[in-house]
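Let's take a walk through a protein model together. Have the sequence and the 3D view ready.

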Amino acid sequence: MIFVVVPALNALRYSLTRWDGLGEPVWVGLRNFISIWQSGSVFINALKHNLFLMFVPGLFVLTLALFFAYTIHQRIPGARLFRVAFFFPNIISSVAIALLWVLIYSPTKVGLLNNIRLFFHHLFSHRLFSHIRHFFHAPEAYPFTAYPFTESSHLLWAVVPMMIWSATGFYMVLFLAAMENIPETYYEAARLDGATATQLFFRITLPLMWDVLTTGIIFLVVGGLKVFDAIWIMENSHPNEKTHTLATLMYTKVFEEYNIGYGTAIAVLLFVLVLLATLLSFRLLRRERLEY
């Protein structure tokens with residue numbers, strides 16, 4: 001407990017000072033928080049980026065994880081192989097995953113996505129397709145140019161598939177464990193009453209695993225507010241106003257600008273946001289507990 005409470009209190013203390021990390025901290029009260037509020041755009045944009053990376057990937061992750069977990073729970077052929085394959089990204093470090101996707105998005109010859117685009121460009125530039133375009137009076141194919149997936153203006157959308165790929169397996173295993181704890185007799189009784197697969201899912205599976213689903217949603221909320229590695233790696237350690245998240249903004253202020261007070265003030269606000277988001281999620285998702 002001491003290793004959590006003492007650093008947290010120190011962070012709160014430093015957020016009320018002006019300090020470069022070398023000299024003596026100078027007490028400034030709430031001036032750092034006022035500066036964050038007045039600077040507005042950078043902090044608000046970073047918060048918007050966090051909310052985007054919370055909701056957009058989170059929606060896909062929850063949907064896909066539930067679908068895959070329920071499908072594997074039906075004992076489809078190769079279920080064990082699918083379980084291992086989907087969980088595999090979770091044994092790779094987040095930095096390695098970010099570097100892997102940098103290569104996938106690369107505009108050079110090693111970039112998988114741009115090579116796929118180049119293949120289809122050559123395919124549709126073939127003589128056969130030229131005749132088809134001529135018949136329909138369609139314009140000629142444009143020269144191929146690699147798409148800059150990791151440019152600042154596109155980066156947030158580029159991070160979405162990476163987050164979905166890396167997170168879906170974890171939540172699939174989490175939900176699958178909850179599903180396997182539901183007694184099979186409930187499903188057998190429902191099938192005897194003529195319940196369809198959809199009714200089994202929404203009337204039995206989902207209500208009985210609601211606590212685990214709530215936990216998964218809270219993990220996604222907290223993870224969305226703490227995004228750092230992917231943005232930092234893909235921006236080559238230099239995120240800007242178009243790509244900053246709260247974590248990268250805090251890191252930049254502390255370790256590049258040596259504005260410790262301002263950076264810890266962002267850290268305090270981030271803690272408050274995570275706490276409020278967690279409590280709000282518990283409040284909105286709370287249901288009467290079903291025991292079985």
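We'll start with a pair of helices and then visit a loop.

This is a predicted model, where local features need pLDDT of at least 70, side-chain atom pairs count only at pLDDT 80 or more, and totals for chains, interfaces and linings use all residues. Residues are numbered from 1 along each chain as its sequence is written, and side-chain values use heavy atoms, with hydrogens and water left out.

First, find helix α2 (residues 31-39) and helix α14 (residues 260-285), which pack at an angle of about 80° with their axes 9 Å apart. That makes α2 roughly perpendicular to α14 (the word covers angles of 65 to 115 degrees). Helices here are DSSP runs of H or I with at least four residues, numbered from the N terminus. Axes are lines fitted to C-alpha atoms over the stretch in contact, and angles run from 0 to 180 degrees between N-to-C directions.

Who touches whom? On the α2 side you'll find N32, F33, S35, I36 and S39, and they meet G261, Y262, A265, I266, V268 and L269 in α14; contact means heavy atoms within 4.5 Å. These contact residues divide into seven nonpolar, four polar and no charged. Ala, Val, Leu, Ile, Met, Phe, Trp, Tyr, Cys and Pro count as nonpolar, Asp, Glu, Lys and Arg as charged, and the others, Gly among them, as polar.

Now hop over to the loop between α12 (229-234) and α13 (246-255), where N236 sits. N236 isn't a glycine, yet its phi is positive, about 55°. N236 counts as exposed because its relative accessibility is 59%. S237 is in the loop between α12 and α13 too, and its phi is positive at about 70°, although S237 is no glycine either. With a relative accessible area of 27%, S237 is partly exposed. Buried means under 20% relative accessible area, exposed over 50%, and partly exposed in between, using a 1.4 Å probe and protein chains only.

Methods. Helix = DSSP H or I, 4+ residues; strand = E, 2+ residues; numbered from the N terminus. Parallel < 35°, antiparallel > 145°, perpendicular 65-115°, else oblique.
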